[in-house]
Amino acid sequence: MDRTPTTTEPVPAALGRTFPPTLMAASLSGRVVTLPPDDAEGDVSLVVLVFLESAGPMAESWSGPPFVGAFTENPPRVKTYLVAVIGDSLIGSSLADRIRQGGLAGGTPPPAEHDRVLIYPEDIERCRRAYAIGDPSLAYIYLLDGRGIIRWMEKGTATPEGLAGLLDTAGAMLEPFLV
């Protein structure tokens with residue numbers, strides 16, 4: 001029996017606001033990434049925040065094949081980022097080392113995806129306040145436009161309804177570019 005939490009309740013109202021605050025993090029490849037808008041300058045960016053290693057499968061349920069597979073013909077216009085928020089504590093440092101060595105929940109992304117897996121060494125409580133994170137055991141999903149404006153958001157494990165909403169919103173955002 002799958003005990004992974006799911007949710008269909010909305011995350012705090014932030015739709016239409018800029019992704020707060022600017023997030024600078026190191027990717028697995030060592031590149032410094034700034035979100036938004038510098039590295040979210042594609043037309044659609046999916047940003048998944050996780051605070052605990054156990055949220056890795058939740059993150060993958062949104063950012064994996066269902067999302068990426070739907071937009072394989074538009075890779076320059078669609079970017080995905082998995083952001084692991086780690087504190088500056090000993091536990092956070094240990095988690096960062098495990099992510100660098102083996103990815104979240106033991107899944108190592110292929111080298112081509114190392115630029116989109118980010119380690120954010122921010123104080124966890126301050127980050128939770130900035131992004132209105134209630135439950136750090138969940139994955140938090142944000143769909144941003146090219147200016148860093150939040151156009152869709154959710155938390156937890158993907159549901160069929162949630163994925164449909166994500167895909168519909170991303171598709172509508174890309175529509176003007178597909179003419």
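Predicted model: local features only at pLDDT ≥ 70, side-chain atom pairs only at ≥ 80, totals over all residues.
Ser 63 sits in helix α1, which covers residues 56-63. Helices here are DSSP runs of H or I with at least four residues, strands are E runs of at least two, and both are numbered from the N terminus. Ser 63 is buried, with a relative accessible area of 6%. Buried means under 20% relative accessible area, exposed over 50%, and partly exposed in between, using a 1.4 Å probe and protein chains only. Leaving out residues up to four places away in sequence, Ser 63 touches Leu 46, Val 48 and Val 68. Such a contact requires heavy atoms within 4.5 Å.

Residues are numbered from 1 along each chain as its sequence is written, and side-chain values use heavy atoms, with hydrogens and water left out.

Now the overall layout. The protein has five helices and seven strands. From the N terminus, their order is β-β-β-α-α-β-α-β-α-β-β-α. Of the 179 residues, 49% count as buried. Take the contacts between residues at least 6 apart in sequence: 74% of them join residues at least 24 apart.

Next, the interior. In soluble globular proteins, nonpolar side chains tend to be buried together. The largest nonpolar core in this model has 49 residues. Such a core is a set of buried Ala, Val, Leu, Ile, Met, Phe, Trp, Tyr and Cys residues joined through side-chain atoms within 4.5 Å. Leu 23, Phe 67, Val 83, Tyr 142 and Leu 143 have the most contacts inside it. Beyond four places in sequence, Leu 23 touches Val 33, Thr 34, Leu 35, Leu 49, Val 83, Tyr 120 and Tyr 131.

Ala 132 is worth a look. It lies in the loop between α4 (124-130) and β6 (140-145). Its phi is positive, about 55°, although Ala 132 is not a glycine. At 37% relative accessibility, Ala 132 is partly exposed.

Last, confidence. pLDDT is the predictor's confidence in each residue, from 0 to 100. The protein averages 75, and 70% of the residues score at least 70.
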